[in-house]
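This report describes the fold of one protein chain, taking its parts in turn.

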Amino acid sequence: MIQLNKVSKYYPAGFGKVYVLRHIDLHIKEGEFISIMGPSGSGKSTLLHILGLLEEASEGEYLFLDEPVQKLSEKKRTELHRNHIGFVFQAYHLIDELTVYENIETPLLYKGVSSSERKSRVAELLDRFNMVAKKDLFPSQLSGGQQQLVGVARAIVHNPKVIYADEPTGNLHSEQAVEIMELFKKLNQEDGVTIVQVTHSEQNATYGDRVVRLKDGWLA
Ligand code: ADP
Ligand code: MG
């Protein structure tokens with residue numbers, strides 16, 4: 001379902017370039033639950049952004065759902081992202097001008113889901129995350145943990161095939177963290193959703209099938 005073949009990513013620096021990912025070979029099957037671990041600065045977020053079609057690889061090949069990502073038009077990549085991917089950003093990335101409700105609803109609008117279905121789906125997640133009373137607040141009126149929960153709700157609301165989550169519990173207290181991990185486990189085991197999480201937590205990693213370790217941009 002997901003295949004990276006010799007993928008590298010570099011940024012221009014002066015007259016040369018700085019590599020942040022090197023020759024990454026990674027194959028993920030449908031229904032797997034993977035944890036990416038590694039020290040700060042090792043390239044975890046960059047790798048997740050490439051997998052989530054948010055950044056492009058500099059070298060190598062990426063196949064997502066059998067589609068050669070680099071050869072696709074921008075439009076087709078956006079479509080693949082909107083239809084099949086849920087992304088939890090490390091820094092939440094909520095839309096400041098939209099309420100909690102509207103932030104969670106956004107992926108459903110992009111996917112063209114009917115208004116009645118949007119209503120029931122968003123209501124279900126607000127209820128699940130105990131955020132009903134906060135639905136009309138803006139992100140700036142929430143704590144970091146609450147923003148993170150909204151970010152997770154937004155990532156799963158449209159029933160994506162794959163969830164990419166960048167330290168999804170980094171700002172949650174341990175009970176909330178367990179709740180999110182249990183939710184991911186349920187989505188994975190009952191609905192067959194493929195999950196790739198970046199985590200620093202050995203506890204979170206126990207929920208996955210295998211751990212992929214990055215060090216200085218290399219797979220360990
Ligand atoms: P991690 O998530 O493991 O902490 P990142 O993927 O965020 O690591 O970053 C890996 C390396 O890439 C870091 O050294 C970071 O400074 C560098 N980097 C990330 N984004 C850019 C960018 N836009 N331009 C230049 N360097 C970048
Ligand atoms: Mg990171």
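The buried residues of helix α3 are covered by elements that include α2 (74-84), α4 (115-128) and α5 (144-156). This is a predicted model, and the description below should be read as such. Helix α3 spans residues 100-111, and its buried residues are Val100, Tyr101, Asn103, Ile104, Glu105, Pro107 and Leu108. An α-helix has 3.6 residues a turn, so residues three or four places apart point the same way. Just after α3, Gly112 takes a positive phi of about 75°.

**The chain as a whole**

The protein chain holds 7 helices and 10 strands. Its radius of gyration is 17 Å, close to the 17 Å that the globule rule gives for 220 residues, so the chain is as compact as a globular protein of that length. Along the principal axes, the C-alpha atoms fill a box of roughly 50 × 40 × 40 Å. Of the 220 residues, 38% count as buried. Among contacts in the chain with a separation of 6 or more, 69% are between residues 24 or more positions apart.

An unreviewed UniProt entry places the feature "domain: ABC transporter" at residues 2-220. Over residues 2-220, the chain is 37% helix and 27% strand, and the end C-alpha atoms are 19 Å apart.

**The six-stranded sheet**

One open sheet is formed by 6 strands in the order β6-β7-β8-β3-β9-β10, with mixed pairing. Strands β6 (85-88) and β10 (218-219) stand at its edges, each with a single partner strand, so one side of each is left without a neighbour in the sheet.

Which residues cover the two faces of β8? Thr194, Val196 and Val198 lie on one side and Ile195 and Gln197 on the other, and all of these are buried. In a regular strand the side chains alternate between the two faces of the sheet.

Strand β8 has β7 (residues 162-166) as a parallel partner, joined to it by 5 bridges. Within this pair, Ile163 stands opposite Ile195, and Ala165 stands opposite Gln197. Strand β3 (residues 33-37) also runs parallel to β8, with 4 bridges between them. Ile34 has Val196 of β8 as its bridge partner.

Helix α6 (residues 174-191) makes a right-handed β-α-β unit with β7 and β8. Helix α1 (residues 44-51) lies across β3, β7, β8 and β9 (210-215), and runs at about 155° to β8.

Strand β3 is also joined to β9, in parallel, by 4 bridges. Strand β9 pairs with β10 in the antiparallel sense over 2 bridges, and Leu214 stands opposite Leu219 in β10. The two strands β9 and β10 form a hairpin with 2 residues between them, and Asp216 in the turn has a positive phi of about 50°.

| Strand pair | Bridges | Direction |
|---|---|---|
| β7 and β8 | 5 bridges | parallel |
| β3 and β8 | 4 bridges | parallel |
| β3 and β9 | 4 bridges | parallel |
| β9 and β10 | 2 bridges | antiparallel |
| β1 and β2 | 9 bridges | antiparallel |

**The four-stranded sheet**

Another open sheet has 4 strands in the order β2-β1-β4-β5, with antiparallel pairing. Its edges are β2 (16-28) and β5 (67-68), each with a single partner strand, so one side of each is left without a neighbour in the sheet. Strands β1 and β2 are joined by 9 bridges, and Ala13 stands opposite Gly16 in β2.

Met1 sits in the segment before β1 (2-13). Is Met1 buried or partly exposed? Met1 has 16 other C-beta atoms within 10 Å, so it is partly exposed. Leaving aside neighbours within four places in sequence, Met1 is in contact with Ile28, Lys29, Glu30, Leu65 and Thr194. Pro139 is 138 residues from Met1 in sequence, and the two lie 34 Å apart in space, C-alpha to C-alpha.

Key. Residues numbered from 1 in each chain as written. Chains lettered and ligands numbered in written order. Predicted model: local features only at pLDDT ≥ 70, side-chain atom pairs only at ≥ 80, totals over all residues. Buried ≥ 20, exposed ≤ 12 C-beta atoms within 10 Å, placed from the backbone. Pairing = 2+ DSSP bridges. Right-handed = clockwise from strand over helix to strand, strands pointing away. Contact = placed C-beta atoms within 7 Å. Axes fitted to C-alpha atoms, helices over the stretch in contact; angles between N-to-C directions. UniProt positions renumbered as here; feature names shortened; annotations may be inferred. Rg over C-alpha atoms; globule rule 2.2 N^0.38 Å.
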